[in-house]
Amino acid sequence: MGKIPQHLRETIARNIRQCRLDKFPGRGGGRRCAEEFGVSPQQWSPWERGIRTPDETRLEELAIFFNTSVEWLRTDHRNARPASQKPTTPTPVIPPGAPPVFYSVKYQVLCQIMTHAAHIQTLCAHALSEGAERTEHLLKSGNMADER
C-alpha cells in the first residue's frame, strides 16, 4: 500500500479497536486479541492507535478474524446507528470434535458466506420495502452494513 491518508488510517484504527473491544472486552483485550490473531502486542497496538496501518493482506485477514469485510474496516461509522440497533449475523455452529484446522479455515470461510447471505437478505428486504431506486443505491455504494 502506498501512503494512506490520515483520515483513512484513523478510520481503520477506530474500526479495528471497536472490533477488538467487541470480541475481547475488558483489560488485556488488546494482548489477547493480538495473540489469537497471531501477532505480537507491539505489532497490534500501532494498528489500533493509527500509527501504522495493516497492509492489504493483513486487512483481509483482520476482516475474516472479526467476521466483517475490508470495506467495513475502511468505512467511517461514527454517524451510523448505535450497535444495539444493528442486527447481528448468526454465528455458524462448529461440530463437536472438529479438527483445529476447521476452526481456522472452514469456520472463517463459513462466517464470510453467512455475512454475504445477510447482505443479500438486506438487498431483498430493501427491494421489497423501498423500491428499486434505494436498492440500486445500496448496490452501487457497496455499504449495506449500516442499512440492515
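How many aromatic pairs does the count come to? The count comes to 6 aromatic pairs. Keep that number in mind while we walk through the chain. The model is a predicted one.

Start with the overall plan. The protein chain has 6 helices and 0 strands. Read from the N terminus, its elements run α-α-α-α-α-α. The chain holds 148 residues, and 34% of them count as buried. Its accessible surface comes to about 9,300 Å². Carbon and sulfur atoms account for 56% of that surface. Now look at contacts with a separation of 6 or more. Residues 24 or more positions apart make up 55% of these.

Next, find helix H3, which covers residues 41-49. Which of its residues are buried? They are Trp44, Pro46, Trp47 and Glu48. These buried residues pack against helix H1 (6-23), helix H2 (29-37) and helix H4 (56-65). Just after H3 comes Gly50, with a positive phi of about 80°.

Two packed helices are described by the angle between their axes and the distance between the axes.

An α-helix has 3.6 residues a turn, so residues three or four places apart point the same way. Check the residue numbers in this contact with that rule in mind.

Buried or partly exposed? Arg17 counts as partly exposed, because its relative accessibility is 39%. Arg17 and Gly50 are 33 residues apart in sequence. In space, their C-alpha atoms are 9.9 Å apart.

Now return to the rings. Take Phe37 and Trp44. Their ring centres are 5.8 Å apart and their planes stand at 65°, so this pair is edge-to-face. Phe37 has a relative accessibility of 13%, so Phe37 counts as buried. Trp44, at 2%, therefore counts as buried too. Another aromatic pair joins Phe65 and Phe66, and this one is also edge-to-face. Here the distance is 5.0 Å centre to centre, with 70° between the planes. Both Phe65 and Phe66 are buried. Which residues do ring pairs link into a cluster? They are Phe37, Trp44, Trp47, Phe65 and Phe66.

One last stop is a backbone angle. Most residues other than glycine have a negative phi, and most peptide bonds are trans. Asn67 is not a glycine, yet its phi is positive, at about 55°. Where is Asn67 found? Look in the loop between H4 and helix H5 (70-74). Asn67 counts as partly exposed, because its relative accessibility is 25%.

Terms used. Residues are numbered from 1 along each chain as its sequence is written. This is a predicted model: local features need pLDDT of at least 70, side-chain atom pairs count only at pLDDT 80 or more; totals for chains, interfaces and linings use all residues. Side-chain values use heavy atoms; hydrogens and water are left out. Buried means under 20% relative accessible area, exposed over 50%, partly exposed in between (1.4 Å probe, protein chains only). Helices (H or I, at least four residues) and strands (E, at least two) are DSSP runs, numbered from the N terminus. Contact means heavy atoms within 4.5 Å. Accessible areas come from the Shrake-Rupley method with a 1.4 Å probe; for residues, only the protein chains shown count as cover. Rings of Phe, Tyr and Trp (its six-membered ring) pair if their centres lie within 6.5 Å; planes under 30 degrees apart count as stacked, over 60 as edge-to-face and the rest as tilted.
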